[in-house]
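Here are my notes on how the two parts of this chain meet. Have the model open while you read.

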Amino acid sequence: MSGDGVNTMRIGGERPVRAVVFDMDGLLLDSERLAIESLISSGAELGYDLPLEFCRGMIGQPADRCRELAAAAYGDGFPVAEFFTRHEATLARFVDAGRLTVKPGVTELLDALDAQAIPRAIATSSGRERTDHHLRVAGIHGRFDAIVTRQDVARGKPHPEPYLTATAALGADPEHTLALEDSPNGLRAAHAAGLRCLLIPDLVSPTPETRTLAHRVYPDLYQAITYITTANTAPAAT
């Protein structure tokens, strides 16, 4: 392990990677900073000063859980429905203004999966409309074999259902499916589903718990390319 806490262990002996399931926000798309800006702006429009740390606490949470957090923090008088309607509209404006970008290494990783004929899916806590919109604006919507949103499952992350649903949609075995996540909730979901998970942190720094649950902690998706390629070419574990 390097001095910055990133796991740099050699990869020989890993199980082959036969399928990959991605998180979306903060992993494929640099969207979480935009979401936080939108939350703060929407709160201000309604006369509420939402602290940065409160908004960070919504990162990786399903929309229904975010509504619960807002109601619990600000009481029954908080206009939950109006707040999140404004938030969705503000975030959409940010995206349509060209502020949404893919994270470094996304295109190269998808190209590497194409070259190895590895199927891939998305398991996201975002709803269908937002997911489709953001992926299309980013130009990568058509590069996935399945997309599982919060509306496609009964229980969102950290429950394993999103990852189990995505794996089933690919016809893949969880033991040979790799998850890629940036948030603790997503990591917990992938781990509970029986997937190896590479953690590539975005706004939430790794904790002792997440370092234990993660199969590897990497600084970017370029390292995931190396991991997958090596796992699929190195001698299998005995």
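Predicted model: local features only at pLDDT ≥ 70, side-chain atom pairs only at ≥ 80, totals over all residues.

1. Let's start with the polar side of things: between domain 1 and domain 2 there are 6 residue pairs in polar contact, both residues at pLDDT 80 or more. A polar contact is a pair of N or O atoms within 3.5 Å; within protein, one must be able to donate a hydrogen and the other to accept it, and residues adjacent in sequence count only if both atoms are side-chain atoms.

2. Residues are numbered from 1 along each chain as its sequence is written, and side-chain values use heavy atoms, with hydrogens and water left out.

3. Where are the domains? Domain 1 covers 19-30 + 100-232 and domain 2 covers 32-97, with bounds from an automatic or database domain assignment. Their centres, taken over C-alpha atoms, are 24 Å apart.

4. Now the salt bridges (a side-chain nitrogen of Lys or Arg within 4 Å of a carboxyl oxygen of Asp or Glu). The rule finds 4 across the interface of the two domains. R33 also pairs with D30 in a salt bridge, with the closest N and O atoms 2.8 Å apart.
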